[in-house]
Amino acid sequence: MPADNTTEAPVTAGIRRSAGRSVTATVGDFRVTALCDGHVDFDISRFVGVDLDQAKAVAAPLGVDAGDLAVSVNAFAIEVPGKLYLVDAGNGTIRGPGLGHLITALADAGHRPEDVDAMLMTHMHGDHAAGLYDSDRSVFPNAELIVSEAERAFWDAPEKLDDLQRSQLEIALQGFDTHGGRTTLANAGDEVVPGITMVALPGHTPGHVGFRIDGPDPMLIWGDVVHVPALQMARPEWYFRFDADPDTAIATRQRILDEAASEGYRVTGAHVPFPGFARIERHGGGFAYHPLDSD
Ligand SMILES: [Zn+2]
């Protein structure tokens with residue numbers, strides 16, 4: 001696996017200064033730009049069954065204080081000549097002042113919302129989907145909404161949702177509604193746009209997916225496979241309370257980290273420290289997360 005252009009920067013460094021910023025990497029003919037919607041302070045109690053002392057012991061060797069964690073909310077612009085895609089839409093206007101800076105970040109990358117041809121959705125929780133709309137109007141009026149069939153089915157059966165998931169229902173449905181007839185349901189393995197394939201990452205939600213950008217040094221953009229690399233690389237079994245199916249979420253995380261370490265492809269995601277481009281290596285009984293310098 002290539003070990004060049006990696007850094008050993010603490011994985012939470014710089015997050016709070018990144019809202020509204022953009023950073024670019026390339027995959028063959030694709031330009032992939034990480035867009036920082038903002039950050040949320042992350043209390044360790046959001047991991048089920050993990051106490052602060054345990055977390056501090058895992059994070060301290062990485063130079064990270066588990067008592068002062070901030071988690072990025074990232075989306076990604078993907079450009080090829082003549083086309084612009086966005087992976088996820090950020091928080092929009094529904095949350096506090098530290099969030100909702102996606103459109104500023106998009107402008108920083110030189111794009112307007114109306115330039116976006118398709119929204120590739122990892123899933124429909126509020127920090128990914130609330131930015132799709134502003135009241136009853138689409139923020140991306142020319143974009144097709146591409147979402148997994150399993151994700152649509154999840155939100156179409158509200159009687160099966162627990163209270164936590166139900167708290168996101170209105171956002172998910174509003175996201176679907178504002179795109180109406182411009183929605184395409186896809187399945188894992190589908191090439192949703194030329195060169196970009198939907199990848200099944202079930203657990204966080206049943207229809208949670210990533211997008212693999214094919215090229216000479218491919219990249220997987222996952223959604224919520226990892227929330228805090230400083231903790232979950234060493235302890236992939238630690239899970240977030242918003243995971244709809246924890247056992248499946250843990251199995252997915254183990255599988256993808258193992259695959260990324262074996263195959264050497266690049267990864268990034270919605271909550272890894274901005275901009276998030278990284279490679280995964282095996283380390284001890286778990287994994288290590290190596291941020292990459294941007295282009
Ligand atoms: Zn999320």
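**Close-up views of a cavity and a zinc site**

**View 1. Lining of the second largest cavity.** Four nonpolar, four polar and two charged residues make up the lining of the second largest cavity. The model shown is predicted. The lining residues are L201, P202, G203, H204, H208, D224, V225, A249, T252 and R253. The space inside the second largest cavity amounts to about 40 Å³. Searching the whole structure gives two cavities of 30 Å³ or more.

**View 2. Donors of the zinc ion.** Four protein residues supply donors to the zinc ion: D127 (OD), H128 (NE2), D224 (OD) and H271 (NE2). These donors lie 2.1 to 2.3 Å from the zinc ion. The angles among the four donor atoms run from 83 to 158°.

View 3. Along the sequence, the donor residues of the zinc ion follow the spacing D-H-x95-D-x46-H. D224 and H271 are 47 residues apart and link distant parts of the chain. D224 sits in the loop between strand 13 (219-222) and helix 7 (229-232), whereas H271 sits in the loop between strand 14 (266-269) and strand 15 (278-283).

**View 4. Burial of D224 and H271.** D224 has a relative accessibility of 4% and therefore counts as buried, the cut-off being under 20%. H271 is also buried, with a relative accessible area of 5%. D224 is both a donor of the zinc ion and one of the residues lining the second largest cavity.

Conventions. Residues are numbered from 1 along each chain as its sequence is written. This is a predicted model: local features need pLDDT of at least 70, side-chain atom pairs count only at pLDDT 80 or more; totals for chains, interfaces and linings use all residues. Side-chain values use heavy atoms; hydrogens and water are left out. Donors are N, O and S atoms within 2.8 Å of the metal (3.2 Å for Na, K and Ca); water is not among the atoms, so sites may look incomplete. Four donors count as tetrahedral if all angles lie between 85 and 135 degrees; four count as square planar and six as octahedral if opposite donors are over 155 degrees apart and all others between 65 and 115; anything else is irregular. Helices (H or I, at least four residues) and strands (E, at least two) are DSSP runs, numbered from the N terminus. Buried means under 20% relative accessible area, exposed over 50%, partly exposed in between (1.4 Å probe, protein chains only). On a 1 Å grid over the protein atoms alone, a cavity is a set of points where a 1.4 Å probe fits but cannot get out, and a pocket is an open set with protein on both sides within 12 Å along at least five of seven lines; lining residues have an atom within 4 Å of a point. Grid points are joined across faces, edges and corners, and a volume is the space filled by probe spheres set on the points. Ala, Val, Leu, Ile, Met, Phe, Trp, Tyr, Cys and Pro count as nonpolar, Asp, Glu, Lys and Arg as charged, and the others, Gly among them, as polar.
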